[in-house]
Amino acid sequence: MIKNAAVLVVGAGPAGLVLANLLQEAGISTVVLERGSREHVQTRARAGFLGAHSAKVLTEHGLGAGMLHNGQSHGTCAFRYGDSQFELDYSTLGRSEVHTVYPQQNLVTDLIAAYLERGGDLRFGATVTGIGTASATVRYQDSTGTGEVSGRFIAGCDGSNGVTRTALPAGLVTRCGRDHGIAWLAVLAEAPQSMSAVTYAVHRNGFAGHMARSPHVTRYYLQVPANDDPAGWQDDRIWSELALRMRADTFGQLKEGRITERRIVRLRSDVVDPMQHERLFLAGDAASLISPSAAKGANLAILQAEVLARAFTDALVRDDESALNAYSRTCLPRIWRAQEFSHWMINLLHGPSGTGQEADFHRALHRTRLDNLRDCRAQQDLFAEHYVGI
Ligand code: APR
């Protein structure tokens with residue numbers, strides 16, 4: 001039996017856990033229902049780049065100790081294309097902000113511990129199967145059977161394939177989106193970073209990316225055909241293709257290690273509008289899925305959790321629902337800005353394929369776009385502002 005609470009949070013990812021922590025801090029009772037086990041959510045390797053606003057929210061609400069202690073500050077990214085490479089020290093561009101690199105599973109682990117310390121009620125292995133949007137009721141299934149729990153509000157933080165977004169009535173809500181037709185092989189290697197900066201390589205064979213995760217783990221990406229089978233990518237093949245696309249012979253060899261994860265990520269984006277109906281409010285991937293090209297997913301999730309926590313607090317503590325009513329209007333312009341930048345990054349990182357006049361034309365445009373970023377200070381400032389900001 002799960003006890004009723006003021007806010008029922010579905011999903012224990014960054015969105016649900018930040019929201020639940022902020023509400024507990026404000027003295028509002030919450031319950032979090034999570035389908036997976038604690039071990040599963042605490043070991044699931046996902047994103048790792050926290051923007052300046054995310055770091056601020058976590059720190060201000062007493063959730064940043066692990067990030068501050070173990071995270072690494074990153075302020076440079078590099079682009080390799082043709083025979084050249086350039087670096088952007090974005091810590092000195094735009095708003096002079098940096099990323100904090102802290103693996104998402106570590107953040108989730110910290111958030112779970114903080115939530116339980118704040119007296120939160122977190123149920124693992126509880127799958128939500130139905131939502132009553134008018135009554136703020138959630139039906140769930142766990143190891144003891146099925147149950148129902150009620151609250152004043154429901155927060156749908158269960159990701160893009162979750163059940164809460166399906167509870168929004170089709171006629172009142174629009175959902176637009178795009179499969180970008182691009183897939184990445186996402187690789188985690190037990191190896192230190194090969195370069196000091198996040199590195200994006202544009203190559204005729206496709207994109208390759210290098211991102212720090214921790215002193216002993218590095219994330220790599222390789223653009224692959226959308227229906228490729230990760231099993232076909234043995235360690236040797238991955239390292240030699242990464243070396244080729246990263247031009248390791250010119251810019252330095254990669255630090256190799258055992259590959260612990262290889263999975264295909266399709267680049268997809270979508271936005272639900274409005275993000276709320278009756279007593280149900282969506283946050284994170286449940287409201288808007290964003291392609292990983294600019295590492296915005298977790299940062300958008302934290303931003304929405306912050307906005308929603310404030311709105312729930314106004315409603316429940318001060319009896320003022322104006323911020324809740326404005327929730328979608330507050331979040332959607334920022335979601336769209338992140339979507340726009342993410343889309344711009346997709347176009348920057350993936351060169352045209354094929355041969356012929358049209359492909360050559362697009363290839364020249366693509367090179368010019370990278371040259372502009374290398375040479376034009378105004379472009380660099382704009383890039384930096386969108387790259388770290390939200
Ligand atoms: N019932 C209960 N829990 C559910 C259900 C369900 N029916 N469906 C999904 N969940 C849980 C998932 O198991 C998962 O733990 O909801 C959680 C959603 O968490 P995330 O997918 O991490 O989504 P979000 O919190 O919005 O995080 C946003 O971080 O790394 C990025 O790619 C990630 O961009 C995403 C971001």
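1. Helix α1 against helix α5. In this predicted model, the axes of α1 (residues 14-25) and α5 (residues 104-117) come within 10 Å and cross at roughly 30 degrees. Axes here are lines fitted to C-alpha atoms, for helices over the stretch in contact, with angles running from 0 to 180 degrees between N-to-C directions. That crossing angle makes α1 roughly parallel to α5 (under 35 degrees is roughly parallel, over 145 roughly antiparallel, 65 to 115 roughly perpendicular, the rest oblique). The crossing is left-handed; that is, the near helix is turned anticlockwise from the far one by less than a right angle, and clockwise would be right-handed.

2. Residues between α1 and α5. On the α1 side the contact uses Pro14, Leu17, Val18, Ala20, Asn21 and Gln24. On the α5 side it uses Gln104, Val108, Leu111, Ile112, Ala114 and Tyr115. Contact means heavy atoms within 4.5 Å. Nine of these residues are nonpolar, three polar and none charged (nonpolar: Ala, Val, Leu, Ile, Met, Phe, Trp, Tyr, Cys and Pro; charged: Asp, Glu, Lys and Arg; polar: the others, Gly among them).

3. Helix α1 against helix α8. The axes of α1 and α8 (residues 297-317) come within 8 Å and cross at roughly 35 degrees. Here α1 passes α8 in a right-handed crossing. Ala15, Val18, Leu19, Leu22 and Leu23 of α1 meet Ala301, Ile302, Ala305, Glu306, Leu308, Ala309, Phe312 and Thr313 of α8. The contact divides into eleven nonpolar residues, one polar and one charged. Helices and strands are DSSP runs numbered from the N terminus (helices H or I, at least four residues; strands E, at least two).

4. Aromatic pairs. The whole structure holds 18 of them. Rings of Phe, Tyr and Trp (its six-membered ring) pair if their centres lie within 6.5 Å; planes under 30 degrees apart are stacked, over 60 edge-to-face, the rest tilted. The rings of phenylalanine 341 and tyrosine 387 have centres 6.5 Å apart and planes at 65 degrees, so this pair is edge-to-face. Phenylalanine 341 sits in α10 (residues 327-349) and tyrosine 387 in α12 (residues 377-388), so the pair ties together parts 46 residues apart in sequence.

5. Phenylalanine 383 and tyrosine 387 are four residues apart in α12, about one helical turn. Phenylalanine 383 is buried at 2% relative accessible area, and tyrosine 387 is buried at 3%. Phenylalanine 341 is buried too. Buried means under 20% relative accessible area, exposed over 50%, partly exposed in between (1.4 Å probe, protein chains only). Ring pairs link a cluster that includes Phe341, Phe383 and Tyr387, along with Trp184 and Trp344.

6. Backbone points to check. A cis peptide bond joins aspartate 273 and proline 274, with omega about -5 degrees. Proline 274 is in the loop between β17 (258-273) and β18 (276-277). Alanine 136 has a positive phi, near 55 degrees, without being glycine. It lies in the loop between β9 (127-132) and β10 (137-142), and is buried at 0% relative accessibility. Alanine 295 also has a positive phi, about 55 degrees. Its place is the loop between β20 (288-289) and α8; at 33% relative accessibility, alanine 295 is partly exposed.

7. Basis. Residues are numbered from 1 along each chain as its sequence is written, and side-chain values use heavy atoms, with hydrogens and water left out. The model is predicted: local features need pLDDT of at least 70, side-chain atom pairs count only at pLDDT 80 or more, and totals for chains, interfaces and linings use all residues.
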